[in-house]
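Please open the structure in your viewer and keep the sequence panel beside it. The tour below goes from stop to stop, saying what to select and what is found there.

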Amino acid sequence: MTDATAPAAGLDLDWSGLEVLSYDECRRLMSNEAVGRVGFVQDGSPVILPVNYVLVGGSVVFRSGRGSKLESALMSRPVCVEVDSWDVMEHTGWSVLAKGIAEHVIDSDDIDRLEELPVRPWTRPDVRHEWIRVMIEELSGRRIHRE
């Protein structure tokens with residue numbers, strides 16, 4: 001559910017009146033969600049795919065099988081992870097964007113720690129054995145409030 005309150009006086013607003021979220025607020029919001037979208041460029045075209053994830057320290061981690069998400073990670077390409085929440089009836093919501101470099105996690109100790117996290121693929125868990133980590137280099141967010 002979104003924070004459906006009117007903006008308080010003194011908030012940092014962007015040119016369109018959206019609240020600019022602090023780094024800590026972006027992390028808090030991302031920590032409370034489980035599904036986002038990973039975006040990257042593959043063969044010259046933008047690709048955006050849903051992932052269930054968890055925020056661990058300064059990274060977003062998720063599972064993948066062989067395919068485009070994993071290929072992007074193996075190539076150490078820049079990616080973004082977008083997470084949001086909306087209340088259509090109240091016309092409120094927020095959006096957070098994390099940017100960083102994706103990497104395929106191959107260290108066995110890291111994998112053992114990640115296996116303990118509450119990240120389970122929603123579809124085809126039998127083929128999603130690989131872990132992808134996006135080290136967050138830039139984190140930003142906006143919130144829209146009720147008028």
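**Salt bridges across the chain**

A search of the whole structure finds 10 salt bridges, a salt bridge being a side-chain nitrogen of Lys or Arg within 4 Å of a carboxyl oxygen of Asp or Glu. Before going further, note that this is a predicted model, in which local features need pLDDT of at least 70 and side-chain atom pairs count only at pLDDT 80 or more, while totals for chains, interfaces and linings use all residues. Residues are numbered from 1 along each chain as its sequence is written, and side-chain values use heavy atoms, with hydrogens and water left out.

Select E25 and R143 to begin: these two form a salt bridge whose closest N and O atoms are 3.0 Å apart. The pair links distant parts of the chain, with E25 in helix α1 (residues 23–31) and R143 in strand β7 (residues 130–144), 118 residues apart. Helices (H or I, at least four residues) and strands (E, at least two) are DSSP runs, numbered from the N terminus. E25 counts as buried at 16% relative accessibility, and R143 is buried too, with a relative accessible area of 6%; buried means under 20% relative accessible area, exposed over 50%, and partly exposed in between, with a 1.4 Å probe and protein chains only.

Next, select R37 and E82, a salt bridge with its closest N and O atoms 2.3 Å apart. This pair also links distant parts of the chain, since R37 lies in strand β2 (residues 35–42) and E82 in strand β5 (residues 78–87), 45 residues apart. R37 is partly exposed at 28% relative accessibility, whereas E82 is buried at 16%.

Then move to D110 and R133, which form a salt bridge with the closest N and O atoms 3.5 Å apart. Here the linked parts are helix α3, which holds D110, and strand β7, which holds R133, and the two residues are 23 residues apart. R133 counts as buried, at 17% relative accessibility. To finish this stop, select E19, E25, R28 and R143 together, as salt bridges that share partners join these four into one network.

**A negative patch on the surface**

Now select D107, D109, D112 and E116, which gather in a patch of negative charge on the surface. Such patches are made of residues with over 30% relative accessible area and no salt bridge, with like charges joined within 9 Å. D107 sits in the loop between β6 (92–105) and α3 (108–115), and D107 is partly exposed, with a relative accessible area of 38%.

How many disulfides does the count come to? The count is zero, where a disulfide is taken as a pair of cysteine sulfur atoms within 2.5 Å. Select C26, which is buried with a relative accessible area of 0%, and then C80, which is partly exposed at 25%.

Go on to N52, found in strand β3 (residues 45–56) and buried, with a relative accessible area of 17%.

**Stepping back**

Finally, show the whole chain, which has three helices and seven strands. From the N terminus on, these elements run β-α-β-β-β-α-β-β-α-β.

Notes
Patch = residues over 30% accessible without salt bridge, like charges linked within 9 Å, V, L, I, M, F, W, Y side chains within 5 Å. Areas by Shrake-Rupley, 256 points an atom, 1.4 Å probe, with all protein chains shown as cover. Lys, Arg positive; Asp, Glu negative; His and termini not counted. Charge placed at Lys NZ, Arg CZ, Asp CG, Glu CD.
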